[in-house]
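Here is a short tour of the rings and nonpolar cores in a protein model. Please keep the 3D view open as you read.

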Amino acid sequence: MVPPKRSIWLCALDTEGRRNECKTRCYNTNQNITDLPKHWFVIISEKNNQDFVTALPFTSNPLQEIRNDGISISADDITTFSRSPNTFIPNKLTLALCNKICRIPRENLAEDTDYGMLKKPKFNDLIWRIKEYISEAN
């Protein structure tokens with residue numbers, strides 16, 4: 001299955017896009033302290049038929065808001081799929097971490113199930129914020 005751009009996935013990865021089995025790293029980065037945390041990601045790459053996809057992590061950890069420049073994601077920004085019983089509905093402050101672009105192996109996309117799609121206006125906001133980071137880096 002080729003994951004479409006703007007689709008939302010649940011992955012057993014940290015917000016850096018790495019397998020996170022280290023409680024110390026989770027603790028030091030203020031992330032979930034469990035054996036194998038899961039985070040939500042939105043696919044931002046155009047061509048997703050290769051081994052990796054480019055994605056942005058979502059977090060609802062309030063400490064991440066201070067450390068990272070994120071864009072708020074609400075339930076109004078998500079298009080749900082009627083055919084899927086699984087949906088991503090943020091019920092508290094959720095941020096897309098635009099400065100944490102990740103390459104995720106397609107095999108890590110949980111259960112080949114996407115959980116909705118980010119609406120185009122919000123997706124465009126994310127892309128513009130990413131472009132700002134890239135231009136500041138140069």
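The report below goes from aromatic pairs to charges over rings and then to the cores.

This is a predicted model, where local features need pLDDT of at least 70, side-chain atom pairs count only at pLDDT 80 or more, and totals for chains, interfaces and linings use all residues. Residues are numbered from 1 along each chain as its sequence is written, and side-chain values use heavy atoms, with hydrogens and water left out.

The structure holds three aromatic pairs (Phe, Tyr or the six-membered Trp ring, centres within 6.5 Å; planes under 30 degrees apart are stacked, over 60 edge-to-face, the rest tilted). One of them is the tilted pair of Trp-40 and Phe-88, with 4.7 Å between centres and 50 degrees between planes. These partners are 48 residues apart: Trp-40 is in strand 2 (residues 39-43), and Phe-88 is in the loop between strand 5 (78-79) and strand 6 (94-97). Strands are DSSP runs of E, at least two residues, and helices runs of H or I, at least four, numbered from the N terminus. Ring pairs also join Trp-40 and Phe-88 with Phe-58 and Tyr-115 in a cluster.

Two charged ends sit over rings (NZ of Lys or CZ of Arg within 6 Å of the ring centre and within 35 degrees of the ring normal):

| Charged residue | Ring | Distance to ring centre |
|---|---|---|
| Arg-103 | Phe-52 | 4.4 Å |
| Lys-131 | Trp-128 | 4.7 Å |

Phe-88 also belongs to the largest nonpolar core, of 17 residues, and is among the members that touch the most others, as are Val-42 and Leu-56. A nonpolar core is a set of buried Ala, Val, Leu, Ile, Met, Phe, Trp, Tyr and Cys residues joined through side-chain atoms within 4.5 Å; buried means under 20% relative accessible area, exposed over 50%, partly exposed in between (1.4 Å probe, protein chains only). Helix 3 gives this core its largest share, three residues.
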